[in-house]
Every structure is written in structure tokens, then in C-alpha cells.
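Dear colleague,

Please find the structure below, handed over for your own work. My findings follow it.

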Amino acid sequence: MNSTKVGPRTVVTLIIVGVLLIVGGFLISQATPLIFPVEASAEARQIDQLFRIALLIGGAIFLLVQGLLAYSVWRFRARAGDLSDGPNIHGNTTLEIVWTAIPAVIVVVLTVLSYSVWTSIQSVKPDEQAVEVQGARFNWAFTYSTPDPRDSSKTLSFKSTELHTYIGRPVRLEMRTQDVIHSFWVPAMRIKQDVIPGRVTEYRFTPVEAAGETYPARYPIQCAELCGAEHGNMIAWVVVHQTEDDYTAWFNQEVDKVLNPPADPVVRGEGILASQVYPCHTCHVLNTETLQWAGNVGPALNGVGDRAAGPRSTATGLSAADYLYQSIHEPNAYLAPGFGPLMPQLNIPECETRSIVAYLCTLTSSGQPACTVELPPECGAGAPPEATPEATAEGTPESSFDPSAPPSGEGASNPTPEATAPAADVTAEATAAP
Ligand code: HEC
Ligand SMILES: [Cu+2]
């Protein structure tokens, strides 16, 4: 190839082409994000801005490569009757230096920009609201903690199936999984973070006011890591309140529910299951007037009271209530025949576990409870707070639960002070754990 002189016309053409590429890249970078969900957090804006810059560069390169390709196909096509070979070209040092240097510069620029966005997202914000996130097959739950209004040296915590917050308040998520890897994906916040067994993952975001949004605004959370049969239904919601007052109203209402639980353990247990803060409904079938579950991982819970009192009691030597307690607290200690060890240990606090057992006892064909459970005074309304799930986990609850102590069929149906005392000790122990 002859080295050609670069005339003024070529320079003008190159400049025009260059400008067109940049304008084209810019249009691509502005148009593509229009298909994205709203930007509901400060981080979403930062991430989208970074994305637009990458898209501008990528769009210009796309137009350059495709443009050259189209131009070459047209300009250098084989003419009729031309059977000769094309010119034989061997390397071009200048060109190679240029096409190595340009991507190197682009990569460095993107690295620096990405790093600064990443560190800004991760940086500790003033006055963060800490929320614990639990992923379990197949739901998300959020735990809020606050000083107990009855005894400020203790913490009162409650769970929600929704992540509530408000505009402008930085949130720090403390994320855990109860079983396998899940991925916490909130498209509107541009969060996609894996939760990994045995690890606590932190993530931060600050909700912002999104144009044209009505408040409280609801944004979906979806598990983005295939985790089993109901993975596709592992959906929850971020609820962003407009003002701190709106948020506090919700918060106080939840605290009230904790302070004033139903006195009847059966009602309380049913309420806990109905609230879906634990993923029982995603794995079990249950058909009652109030609960319709269609999970297909574990055994149906209709008639579980009969089974607990009959075959399960025979197989394990436990009373019906103790068997039910064990099946929640140590799910793998005895596996219901035909099922694998798929049920997680959910670290459910003691009072809640007992209430759930009380409700499960009533799932019989006759409607007569197969067992009854007495809640120790600690679990009652106006009582001191019970242990947080973490505290229960650290308190080695497996060993501290004495199967012979209430609540069991015998102990609970005859609640003498002596009979209830050991149960109270169990809970006190769990409460005292750090
Ligand atoms: C990830 C799926 C999964 C979740 C979530 C789950 N379970 Fe299970 N459950 C199972 C499986 C599988 C079995 C059978 C194996 C076993 O006994 O552990 C089972 C067994 C049971 C049994 C014993 C049934 C019998 O016939 O003996 C009870 C009771 C029970 N689960 C209650 C619950 C409650 C209450 C919850 C919520 C706090 C829950 N499960 C959450 C999968 C699950
Ligand atoms: Cu999942």
C-alpha cells in the first residue's frame, strides 16, 4: 500500500465522522436507560451515570466498528468479472499502537470512575438506619431493632416481610442467609448483592424522591440466584415512605403488635404464620379457613397434629408438642419419611416457636387439639422482651430445651407453678444470652 498524503478533505471527513460517532454514542447512552426502572436511590443515580458514560464509549465504538464494516462491504465489494485477490497487507505498527492505546486509556478511565462510585456507595453515612435482612428458601424477612420502651437496657426487635424506610434516610443492610446463596436484587435501587452462608454482607442505600412517584412507594425485591423450587416466588418489597413521620407511624404500629401479642398461644401462632415473616408457606401445603399455602417442598401440614401425636410420637419417643417443637427448632433431628433435610433452622425466638407449636397442635382431622402449649409469663403482653434471634442462636437453644419440660402435653394441660417453672428457666436463659 502506498503511504497516502492526508489532505484537508480527509481531515474534515475524519472530524465529521468523529463528531457523528460521539453524538451517536451520546444518543445511545441517553436512550437506552429509558427502559430502566425509576431511580429510587442516590446510588441508583450514581450507578446510572457511570453506566451512561460506559454506554457513550461503547456506543461510539459500536458505531465505528459497524460503520467501517458497512462502508467496507459497500466500498470494497467484488466488481463483476473481478476475480483477482485483494492487496496483501502485512501489519501496520502505527495502527496497532493506536488501537492498543485507546482501549487502554478507556479501561483506565472506567476503572477510576467505577472505583470512586463503588467507594462512595460503600462509605459509612451519618445516622444510618440498620436493618437486618434474612434470606431463606423462599422468602425475605427484615428485622428492626429499637430500645425496648418498657426497659431501655434491652432491645426490642420485630420482623417484617417488607423493608420500610423513608426518603433521605441512609439505610445499612446487614444481610444473612439461613440456608443457600440468595441474591438480593432491588432493580429500582440498582442493588444486586449475594448473601452467602456463614457471612454477614453489608450494603448501603439512600432512598430519594423519584419523579412522578406516589408515596408510600413500593419497589420489588427479587431473589436473583436460583435457590430451589420456589425461587421465582422469592419476592418482597421495599416500601419508601415520604416523611419520617409516616415511617414512624408504621414503626410504632409494629412495635405495638410486639408489645401486645394475643394472649392465646394458638391465635398468636396462627398470626405469626399468617404474617409470612417465616418462609413456612413457601414449602408446606396448608388449607384452613385463614391460611392457604401451596408450597411443595415439605409435607402438608393439614393433620400434622394427628401425625405428631401418632406415628411421629411413636418414631421419636417425643410427646406431640415436643415433636412439633423439635421439627421447627431442629428440623433435621428427625426427617418426616420421604423427605430430605431441606427445612432450615430459622432461629425463631422461643415464644414464637411455642406459639407456632400451639397452633400446629390444632391441625387435626377432628378439630380437637392434639396437644396444648402454655406460654411462660415472659411471652405475655407487657412482659420483658424476649431474646433476639441472634441471641437465641448463640445461646445454643438445642441443648437448653428440655423435652421433658413444658410446654408438653402433660405439663401444659396441668399448669401447676412447678410444671411451668422449668419452661420459664429455658426462656430466661435464652433471654440472658448476649
Ligand atoms: C425450605 C423449605 C421449608 C421451610 C421454609 C419450612 N419447612 Fe417445614 N419441612 C420441610 C421439609 C422438607 C420437611 C420434611 C423433613 C423434615 O422433617 O425436616 C419439613 C417438616 C416439617 C414438619 C414436620 C411434619 C411432619 O409431618 O412430621 C413441620 C411441623 C414443619 N416442617 C413445620 C414448618 C414450619 C412451622 C415452618 C416455618 C417456621 C417450616 N416448616 C418451614 C421444608 C420446609
Ligand atoms: Cu433465593
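A residue is called buried under 20% relative accessible area, exposed over 50%, and partly exposed in between. On that scale Ile47, with a relative accessible area of 24%, is partly exposed. Please note that this is a predicted model.

Ile47 belongs to helix H2 (residues 42-75). Leaving aside residues up to four places away in sequence, Ile47 touches Val117, Ile121 and Arg190. The C-alpha atoms of Ile47 and Ser114 are 8.6 Å apart in space, although 67 residues separate the two in sequence.

Distant parts of the chain are linked here, since His182 is in strand S6 (residues 182-186) and Cys223 is in strand S9 (residues 217-223), 41 residues apart. His182 and Cys223 are both buried.

Salt bridges

Side chains of opposite charge can pair when their charged atoms come close. The whole structure contains 15 salt bridges. One of them joins the side chains of Glu128 and Arg204, at 2.5 Å from N to O. This pair links distant parts of the chain: Glu128 is in the loop between helix H3 (93-122) and strand S1 (129-136), while Arg204 is in strand S8 (residues 201-205), 76 residues apart. Arg204 is buried, its relative accessible area being 10%. Glu128 and Arg204 also take part in a network of salt bridges with Arg172, Glu174 and Glu202.

A salt bridge also connects Arg218 and Glu162, whose closest N and O atoms are 2.9 Å apart. Arg218 is in strand S9 and Glu162 in strand S4 (residues 162-166), so this pair ties together parts 56 residues apart in sequence. Arg218 is partly exposed at 42% relative accessibility, and Glu162 is partly exposed at 21%.

In helix H9 (residues 350-361), Glu350 and Arg354 are four residues apart, which means a separation of about one helical turn. Their side chains meet in a salt bridge of 2.7 Å, N to O, and both residues are buried.

Surface and cover

Val6, Val11, Ile15, Val19, Val23, Phe26 and Leu27 make up a nonpolar surface patch with about 640 Å² of accessible area together. Helix H8 (residues 320-329) is mostly covered, with 10 of its 10 residues buried.

Yours sincerely

Technical notes
Residues are numbered from 1 along each chain as its sequence is written. Chains are lettered from A and ligands numbered from 1 in the order in which they are written. This is a predicted model: local features need pLDDT of at least 70, side-chain atom pairs count only at pLDDT 80 or more; totals for chains, interfaces and linings use all residues. Side-chain values use heavy atoms; hydrogens and water are left out. Helices (H or I, at least four residues) and strands (E, at least two) are DSSP runs, numbered from the N terminus. Buried means under 20% relative accessible area, exposed over 50%, partly exposed in between (1.4 Å probe, protein chains only). Patches are made of residues with over 30% relative accessible area and no salt bridge: like charges are joined within 9 Å, nonpolar side chains (Val, Leu, Ile, Met, Phe, Trp, Tyr) within 5 Å. Accessible areas come from the Shrake-Rupley method with a 1.4 Å probe; for residues, only the protein chains shown count as cover. A salt bridge is a side-chain nitrogen of Lys or Arg within 4 Å of a carboxyl oxygen of Asp or Glu. Contact means heavy atoms within 4.5 Å.
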